[in-house]
Amino acid sequence: MEGWGSFSTVQFVSPAARKMLLLLLSSRLGKSQLSRELSIPRSSLYLYLEPNGPSPPDDVTLRALDFALKSYPLEAKNIIRDSATYLVSSLSTYRHSVASAGLGKRLYRVVSLLLVLLTFVQYIVPILVDIAFSWWRMLAALFLSVVFSWAVGIAAAVNKTAEKVILPVLDVLQSVPILGFFPVMIYALLVVLPGKPGIELAVIFLIFTSMAWNMAFAVYEAVKAIPKEFLEMANDIGMSSLSKVRHIYIPASWPKLAYNALVSWDVGLFFLVSSEIITLGNANYAVAHGIGVAIATYAAQGNYVAYTEAVVLLLLVLVITRAVFLRPWALWSEKFKPAEEPRRSRVDPVYKTYALIADKARAKVFSDLELSVVRKVFRPLSPIGFWLRRRFSGKEAFLARFIATLFLLLLLVALARVLIGLAVDWAPLSSLSFWMGLASTEREVVIALAFSFVRVWGIYLVSLVVGVPLAIKSALSEKLYEPVSTITQIASSIPGPVLLPAIVAVLVSFPFKGELVAATIIFLGSFWYIFFNVLGAARTIPKTLVEASELYQISGWRRWADIYIPSVMPSIVTGSITFIGGAWNTLMVAEYFSVSSSSGSVVLTQVRYGIGRLLDIATYTGNLQLMSLSILSMSLLIVVVNLTFWRWAYNYTTKRFGYNV
Amino acid sequence: MYEANSGVATREAAEENILVVKGVSLTIPLEKKTLEVLKGISFAVREGEFVSIIGPSGAGKSTLLRVIAGLVQPSSGTVFYRGQPVTRPSRGISMMFQNYALLPWKTALENVELALYSNDQLTPSQKKEKALRALESVGLAGFENAYPGELSGGMKQRVAIARALVLEPEILLMDEPFSALDPLTAEHLREEVYSYIINPSSPVKSVIMVSHNVEEVVELSDKVIVLSPRPARVIGELSITLSRPRDKKSFEFYTYVDQIFALLT
């Protein structure tokens, strides 16, 4: 390539790209091997790698770059991207020659403008391609979720037996931290479907799991709410089951389904970016294209022009998607609402989404099933027995419980087998060292879990202290409310992990960098749940209460302590439950962030202890035991805290506070 | 002659204006135009008078009450309380809100105490004592630890009365005090409420009530101010000189009711 001849010096390569090149060359080959392969003296290699090398590079450098280009096209592409930066820097040389040649300044301006433009424009197409890949995943997952919701939601609503199986299962599924299960999913799918299609499917499936449950609940609720007369009429005129689905169930489900799709889109976007970034940690799993990939790689190269463009373009596409697809869908769906229900076409559906998330939070924590599991956990270990027991009574119940317990035990044994290692024989079970190993892994997991717990709750407390007053203040002030809610809605639509590279770059020289990055990501990913919940609730504080406090001249902290805070208390709790749930999900991207290439991976940030970090490492190293223990321990902790603390807090606050007296 | 028999007038013979509303207008700037809510409203309330403000819904009755309370500043015009312009809430004027504005997370007693929070001259135990007495005076002794959610509509109303009275106001403003109750209960309670507020031991000298129920207004008031639809102007002022307790079936009673209906329509 002729152009590479002008690579006269390494200084045009940005620092991060230089680091990449260094790693690329040294880690893959080893310095000595590299010198051997290229038949160049070691000293000159160092010369090249040293940014402020004493002499301009020569033949040797060019050969090294050439070699890199041929051997590692992906990285080479990145270097080519940097060449635009080079062009700009070479402009000064050009300028001198232009000046000396006596050519006009005008030509110089045109050329320089073109070059600057080129710097910006060159990334747009690749970024749009990346976004297209991501959007394909999102839409595929959304489509799957809609189909799944209809199938499962309608079945649960019209069939009593199906209802008793489906509802508890959905309940459990929506309360586990899904992102933690991503590694297992990758493994499982790679066994069935090796290579890129498997990973693609894993990502789509992950997004699906973040979207589907609340949508299925929405369909179930909507179909359940169909007036009885409709169905009687349908039976009367002899409608077949299929045409009932087509003409009654599906139309009736549209409004709730569309509104929930809005929530699902937000949540799914978070999982999309997270999963794409997670796959980057190991070259074997990495997806080739996607906005998460683009963002992480540009950032790793230190190419902040491209990174910023990627974030801006993502935001743009996001806004367009909402404007031309999600919002019109939600508004269109309103026409399927029963006439007596007030239509709220004037309310921006996007605004309603966080309230919906809060609704889900309640279902998440207080499912009958979970309660019964805890109550029965030391007696017959049987969640399945629970619904069987509801169905049958007396001797039948006993039999059902017996069968269910047996079934569950079998399931546990099967799970244990996976835990111990796929396709491993039972031999290690009898050896002491195996159990010792398991115990020491669990010890590691518990320590990590403790650190993550403190991290999540610390950020949670900070968010409370910041978010609650801010939300109440803006809700009560007519001047503040409009601008604040607009700005925060836009800000909240950016999936937090997208900002990860920027945060890393900003915090790179701070002490406790890993902790700060983790804290910021957790905060960005979860803060909005508290903020919007409280904002919504504070808007409904009766005006007379505020007036009463003015009339009685109650001011300052008393007004907050006696009126504002208690008014929004139930929303603080639902917001908190969703916050904590969201925060556990962010850990996998917050606590550990690495970018891999075929030459190995670079850890850009990490905390010392943390369950997210452990899960990431387990994923990248293929440590199944660590993976399963981490997931199980984390899920257990979350469920226990939900059932004890949050259940109490929810019951207490909804009874004492708010306006539902 | 009738006036001499009315409960308030017998107690307070002095015919002094305790409150004067003078040319009060209120316009609210909206995005494109301005909304005229009140337009040049003037009337006076004498000591010992029970005045009602009646008008079509949405006319701005409640807003007018808030201007009198000092919660809302008029665009022009002034409200004088004992000769002093009202610019912010003062202790002499208390208000009972529509739906009562009771805090569901506070007991009846705490809700009454709320009104005394800003009073620095009283110790906490004095505040509690006062609040208890206020609850007793409305017949709620024994219910001080009940939460609003556990009380009936009529009892909630009485808690609200106690809270308004505990400040020992000279003027009590009532914003549709009976609209949160079912019509039957409201019918029964009017006399009772009147007796809680207007009696020899009550500090209240005058009452201003906002309502859209004509019979209620005739039953309780000494004077009725009739407002026009928005922007609200005073389109009629009417003295009611029936003896109390008033006979709702009497011919005179219905003459007044008809008179007000005629003004409203």
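Predicted model: local features only at pLDDT ≥ 70, side-chain atom pairs only at ≥ 80, totals over all residues.
Residues are numbered from 1 along each chain as its sequence is written, and chains are lettered from A and ligands numbered from 1 in the order in which they are written. Local features need pLDDT of at least 70 and side-chain atom pairs count only at pLDDT 80 or more, while totals for chains, interfaces and linings use all residues.

Helices (H or I, at least four residues) and strands (E, at least two) are DSSP runs, numbered from the N terminus. Helix 26 of chain A covers residues 624-656, 33 residues in total. The distance from its first C-alpha to its last is 46 Å, close to the 48 Å expected at 1.5 Å a residue; the expected span is 1.5 Å times one less than the number of residues. A kink of about 35° is centred on Trp646(A), the bend being the angle between axes fitted to the seven residues ending at a residue and the seven starting there. Trp646(A) is also among the buried residues of helix 26 of chain A, which include Met634(A), Ile638(A), Asn642(A) and Tyr650(A) (buried: 20 or more other C-beta atoms within 10 Å of the residue's own, with C-beta atoms placed from the backbone).

In chain B, strand 1 (residues 17-29) pairs with strand 2 (residues 34-46) in the antiparallel sense over nine bridges; pairing requires at least two DSSP bridges between two strands. Val24(B) has Ile41(B) as its bridge partner in strand 2 of chain B, and a hairpin of four residues joins the two strands. Strand 1 of chain B also pairs with strand 4 (residues 76-81) of chain B, antiparallel over five bridges, with Val20(B) opposite Phe80(B).

Technical notes
Buried ≥ 20, exposed ≤ 12 C-beta atoms within 10 Å, placed from the backbone.
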